[in-house]
Amino acid sequence: MSYGARLAATMSRRLGRECVYTPSARLALYLALRRWCAPGARVLMSPVNDDVILFVVLAAGLRPVMAPVSVCDGNIDPAAVPESTWRNVDAVLTTNLYGIPDQVVELRRRCEELGIPLFEDAAHAIGTRVDGQPIGTFGRAAAFSLSKHVASTAGGFLAVEDARARRELETLRDELLAPRRLRDDLTATLRPLARSTVRTLHLVRPVWRTLQRLGLLERDAYRMPLHRPRLSACGLEPPSLAAYEPWVRVDLHGFRSRHGVLVRGQLELRMAALDANLTKRGAGVALLSDTPWASPALRDRMPVDAPLPLFRAPLLVQDRDTLITRLVRHGVVSGYVYDPPLDDYAGAEFVEPSPAPAAARWFASHVLPADPLLAHKITTALTREQTAPAPPPTLTPAPTQS
């Protein structure tokens, strides 16, 4: 039996696709990019995304191409991508930001026309469906994370179309796995328990402040330090995780550490509770969708009878950065803010900038990702703070390019 076969089989039953178990979603995505993209290939992606994903793409030896996005959800806007860009990309990577699906049917159609692979980043979207079909089953491959919906700090999957691809990817994965370390296993097992205890005992605010004072948070801002000279030097080396590991491992140092029985056993238990978690998230999304801060993606695109079980619900607020600091006083720590957009963060040396950056800049600076499991606490806090909603602006379309 291969490494993580029982966990992979569980996910395969959910999706109806072959799955490879990995220590993290970032390693799963790296496997897909290395398997289907030649070095130097150009990958179309949203600039409203985790910076770790940018470094995974760079580690695979690829050129990130930033796409125009929807001002309502931060995902790729296929209609706004210039035809000249479509003709010069070699792959497309979705985001499914916070669990809200990309326009995946249209993206798949364009990829099929061009004969290029569609990769789905489904880290936020393990419970999301489009027309009854699970996210993660539209493209060539899809990366999932267990550190999101099942509240773990480890584990991921790569879903693929057939058994042959699965076997090839398992071989590549095994070559990249780092030896198991007891310390990594204990960290992956105990950190979720510690996090649950902190929330149960209402210690979020003092613990967060202590971590800040002790310098134990790897990011002082929403983005990690770029270290531009060192990053430039990495681009001169052959594609590899080793060169980019200082960036790829941020917030998850064991992202490619082989998990022992202790971690895999815990993940099996958490996977068994996934459906109950998704049900609770759907209820929280329904509540947040009916608030004045709900983004149009929440208000207009959520099925009334079955709201999507989002990882985070995007709220749009004025003075977002000040508000995030104030929310800590209410026991709410807001994460998963991807600001500034990746092209502003990294620059043209490392990415091809978006031809229409205004929507990404506006969305990234106004979105407040709200945990649906804390919907009541968050709505109460926002009301007490007299939070002003931020209606989406009217943006001038970018000139079309032939």
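**Note on side-chain packing and pairing**

1. Phe 55 is buried, at a relative accessible area of 0%; buried here means under 20% relative accessible area, exposed over 50%, and partly exposed in between (1.4 Å probe, protein chains only). The model is a predicted one, in which local features need pLDDT of at least 70 and side-chain atom pairs count only at pLDDT 80 or more, while totals for chains, interfaces and linings use all residues. Residues are numbered from 1 along each chain as its sequence is written, and side-chain values use heavy atoms, with hydrogens and water left out.

2. The protein chain holds 17 helices and 11 strands, where helices (H or I, at least four residues) and strands (E, at least two) are DSSP runs numbered from the N terminus. Of its 402 residues, 56% are buried. Among contacts with a separation of 6 or more, 74% are between residues 24 or more positions apart; contact means heavy atoms within 4.5 Å.

3. Aromatic pairs number 8. Rings of Phe, Tyr and Trp (its six-membered ring) pair if their centres lie within 6.5 Å; planes under 30 degrees apart count as stacked, over 60 as edge-to-face and the rest as tilted. The ring centres of Trp 36 and Phe 119 are 6.3 Å apart with planes at 45 degrees, so this pair is tilted. Because Trp 36 belongs to helix H2 (residues 25-36) and Phe 119 to strand E5 (residues 118-121), the pair ties together parts 83 residues apart in sequence. Phe 119 is buried, at 1% relative accessibility.

4. Phe 55 and Tyr 345 make an edge-to-face pair, because their planes stand at 80 degrees, with ring centres 6.4 Å apart. Phe 55 is in helix H3 (residues 51-59) and Tyr 345 in helix H15 (residues 342-346), so this pair links distant parts of the chain, 290 residues apart. Tyr 345 is buried, at 11% relative accessibility. One aromatic cluster is formed by Phe 55, Tyr 244, Trp 247 and Tyr 345.

5. Which residue lies over the face of Tyr 345? Arg 223 does, at 5.5 Å from the ring centre. A charge sits over a ring if NZ of Lys or CZ of Arg is within 6 Å of the ring centre and within 35 degrees of the ring normal. The charged end of Arg 258 is placed over the ring of Tyr 3, at 4.9 Å from its centre.

6. The largest nonpolar core comprises 90 residues, and those with the most contacts inside it are Phe 55, Val 92, Phe 119, Phe 144, Leu 158 and Tyr 244. Such a core is a set of buried Ala, Val, Leu, Ile, Met, Phe, Trp, Tyr and Cys residues joined through side-chain atoms within 4.5 Å. Not counting residues up to four places away in sequence, Tyr 244 touches Phe 55, Leu 58, Ala 59, Leu 231, Cys 234 and Gly 235. A second, separate core of 24 residues includes Ile 100, Leu 288, Ala 294 and Ala 370.

7. There are 22 salt bridges in the structure, each defined as a side-chain nitrogen of Lys or Arg within 4 Å of a carboxyl oxygen of Asp or Glu. One of them joins Arg 6 and Glu 268 (2.9 Å, N to O). Arg 6 is in helix H1 (residues 5-15) and Glu 268 in helix H11 (residues 261-272), so the pair ties together parts 262 residues apart in sequence. Arg 6 is exposed, at 54%, whereas Glu 268 is partly exposed, at 28%.

8. Arg 35 and Glu 168 also meet in a salt bridge (2.7 Å, N to O). Because Arg 35 lies in helix H2 and Glu 168 in helix H6 (residues 163-176), this pair ties together parts 133 residues apart in sequence.

9. Glu 113 and Arg 109 form a salt bridge (2.4 Å, N to O). Both residues lie in helix H5 (residues 104-114), 4 residues apart, about one turn of the helix. Salt bridges that share partners join Glu 83, Glu 106, Arg 109, Arg 110 and Glu 113 into one network.
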